[in-house]
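Let us walk through this protein one part at a time. Keep the model open as you read.

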Amino acid sequence: MLKSFQFDKFKSPYEDRKRGELGEIIAKYQRICVEENIPVIIMIDGWESSGKGYVLNDLVRDLDAKHYRVSIFDDFDETDDYSYTSQFWKKIPAKGDFAIFDRSMYYHMFNDLKSNDKIQRLRIKQIMNLEKLLYDDHTILIKFFLHESKKRQSEAIDEYLKDEYRNFLVGKEDIAQNKHYEKYLEHFNLMINGTDFSFSPWNIVSSEDRKIASKHVLGTTIEIIERQIEYIRQRRSLESNWKQPVYKLSKSLSDFELSKELEEEYDELSSLQKKAGELAYALHTKNVPVVLVFEGMDAAGKGGAIQRLLRKIDARSYNINPTSAPSDVEKDHHYLWRFYNNFPKDGYMSIFDRSWYGRVMVERVEGFANEYEWSRAYGEINNMEKELVDYGTLLIKYLLVISKDEQQSRFESREQEKPYKITEEDWRNREKWQEYIDAMDEMLYSTSTGYAPWTIVSGESKKHARIHVLKEFIFRAEEFLKKLEK
């Protein structure tokens with residue numbers, strides 16, 4: 001795309017338009033996006049000293065400041081404490097808002113000439129999954145690459161260096177790109193071709209003339225937003241009536257043997273807790289992030305199992321995330337947003353008492369997500385967990401299971417002894433017991449992968465469940481640490 005680009009033949013259909021006029025039209029479409037809860041992400045990438053700031057300022061000039069945010073992406077360092085896409089997730093806009101990126105998550109890949117092909121392919125796949133996930137959630141994605149000749153870039157660098165107020169804009173990347181222009185051009189071309197997805201294609205813009213480049217970005221943004229708004233309206237209508245195919249699964253949780261017997265004496269608990277604490281410390285010193293997921297029926301003993309697991313683990317090294325109904329802010333974002341923002345940094349642990357699997361259980365059964373939304377969540381969740389594992393996260397998923405009779409017994413005990421732990425909603429959910437079993441069956445079938453398998457734990461005996469959870473943690477942590485040593 002870039003190598004065959006001809007600057008002398010670039011002619012924008014918007015170059016005779018006024019930038020102020022184009023800005024007012026974008027502001028009009030911004031209001032429509034706010035009304036219809038359509039988020040928009042506009043990435044302004046390209047060569048260093050190619051006029052990104054100039055274009056960006058024109059782009060936001062007429063927008064409502066309450067509904068847009070400009071973010072500048074820094075270079076990604078191998079010593080960073082989070083995965084490659086984490087900073088991008090933190091910048092994802094709320095529904096109806098605009099996010100304008102000066103550079104983007106592509107910035108590091110564009111400037112990294114030394115990264116091996118395996119890492120580049122992995123990052124491209126992660127970005128593709130993320131952009132597809134946002135596109136499926138009705139986000140408008142617009143990607144611009146400002147392209148300029150070596151001569152024009154050199155002129156821009158000289159102009160900046162001679163200006164005492166703007167010479168700070170020239171960094172080592174600007175100089176390196178101009179000095180090794182052909183090498184970077186080859187690399188940029190590969191990156192652009194590899195990330196030119198059908199659902200989020202690149203728009204190559206000549207920035208030889210900054211004013212024309214700005215007009216072209218403004219006009220193209222209008223064209224894409226106008227087209228995508230109509231397309232999203234059609235998709236929403238179709239998706240609201242979409243039906244998930246019914247699968248007949250050979251195995252069901254209904255057939256799971258609910259043991260009440262302990263594998264070992266319960267007095268083994270203390271020694272297991274001590275071992276878990278030692279392993280947690282070893283993971284911390286090796287900078288391994290740990291994510292533990294606890295799902296299951298109400299009153300299955302998730303809280304008690306978590307408490308016993310953490311008893312001898314340093315409280316400064318972990319965070320417990322009790323996942324309840326999303327807040328208004330969380331509802332305004334993609335359902336995975338709040339979880340990405342609570343993943344641990346390197347060496348720390350995040351425990352989720354209920355998790356992103358609410359999308360395919362509670363939200364499915366209670367109708368908070370339509371069938372199209374929760375059915376596509378399986379693939380989105382698998383991709384997210386693969387990204388965590390590829391980054392080097394120890395991910396363990398527990399599903400605690402009890403019988404319907406045992407749940408009733410525990411509910412009745414709670415009403416007498418701990419009324420604060422039982423609500424009308426808990427009793428109401430029992431009426432949909434089979435629907436939840438069906439949802440969990442399909443969840444296990446669709447998301448128990450080789451890299452992130454489910455561990456099913458019988459919670460019929462709370463003591464049994466606590467021992468099982470500890471032993472699984474110890475086994476998985478030891479296996480993980482052994483692999484690090486190879």
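On a 1 Å grid over the protein atoms alone, a cavity is a set of points where a 1.4 Å probe fits but cannot get out. A pocket is an open set with protein on both sides within 12 Å along at least five of seven lines. Lining residues have an atom within 4 Å of a point. Grid points are joined across faces, edges and corners, and a volume is the space filled by probe spheres set on the points.

This is a predicted model, where local features need pLDDT of at least 70, side-chain atom pairs count only at pLDDT 80 or more, and totals for chains, interfaces and linings use all residues. Residues are numbered from 1 along each chain as its sequence is written, and side-chain values use heavy atoms, with hydrogens and water left out.

How many cavities of 30 Å³ or more does a search of the whole structure find? There are 3. The largest cavity holds about 110 Å³ of space. Its lining includes Tyr-82, Ser-83, Pro-289, Phe-343 and Tyr-391. By class, that lining has 8 nonpolar, 3 polar and no charged residues. Here Ala, Val, Leu, Ile, Met, Phe, Trp, Tyr, Cys and Pro count as nonpolar, Asp, Glu, Lys and Arg as charged, and the others, Gly among them, as polar.

Now turn to the second largest pocket. Its volume is about 550 Å³. The pocket is lined by 23 residues, and Ser-49, Lys-52, Gly-53, Tyr-160 and Leu-169 lie nearest its centre. The lining splits into 7 nonpolar, 6 polar and 10 charged residues. Helices H2, H6 (150-162) and H7 (172-179) each supply at least two residues of this lining. Helices (H or I, at least four residues) and strands (E, at least two) are DSSP runs, numbered from the N terminus.

Two of these helices also pack against others. Axes are lines fitted to C-alpha atoms, for helices over the stretch in contact, and angles run from 0 to 180 degrees between N-to-C directions. Take H2 (residues 52-60) and H9 (residues 210-240). They pack at an angle of about 45°, with axes 9 Å apart. That makes H2 oblique to H9. Angles under 35 degrees count as roughly parallel, over 145 as roughly antiparallel, 65 to 115 as roughly perpendicular and the rest as oblique. From H2, the contact (heavy atoms within 4.5 Å) is made by Tyr-54, Val-55, Asp-58 and Leu-59. From H9, residues including Arg-210, Val-217 and Thr-221 take part. The contact of H2 with H9 has 6 nonpolar, 2 polar and 3 charged residues.

H7 packs with H8 (residues 181-194) at about 95°, and their axes are 5 Å apart. H7 and H8 are therefore roughly perpendicular to each other. Ala-176, Gln-177, Asn-178 and Lys-179 of H7 meet Tyr-181, Tyr-184 and Phe-188 of H8.

Next, find H15 (residues 371-391) and H18 (residues 433-447). Their angle is about 40°, with axes 10 Å apart. H15 is therefore oblique to H18. Trp-374, Tyr-378, Asn-382 and Glu-385 of H15 make the contact with Glu-442, Met-443, Ser-446 and Thr-447 of H18.

Finally, pick out Asn-203, which sits in strand E5 (residues 202-206). Which residues does Asn-203 contact, leaving aside its neighbours within four places in sequence? They are Ile-142, Lys-143, Phe-144, Phe-145, Thr-220 and Ile-224. Asn-203 and Met-443 are 240 residues apart along the chain, and their C-alpha atoms are separated by 39 Å.
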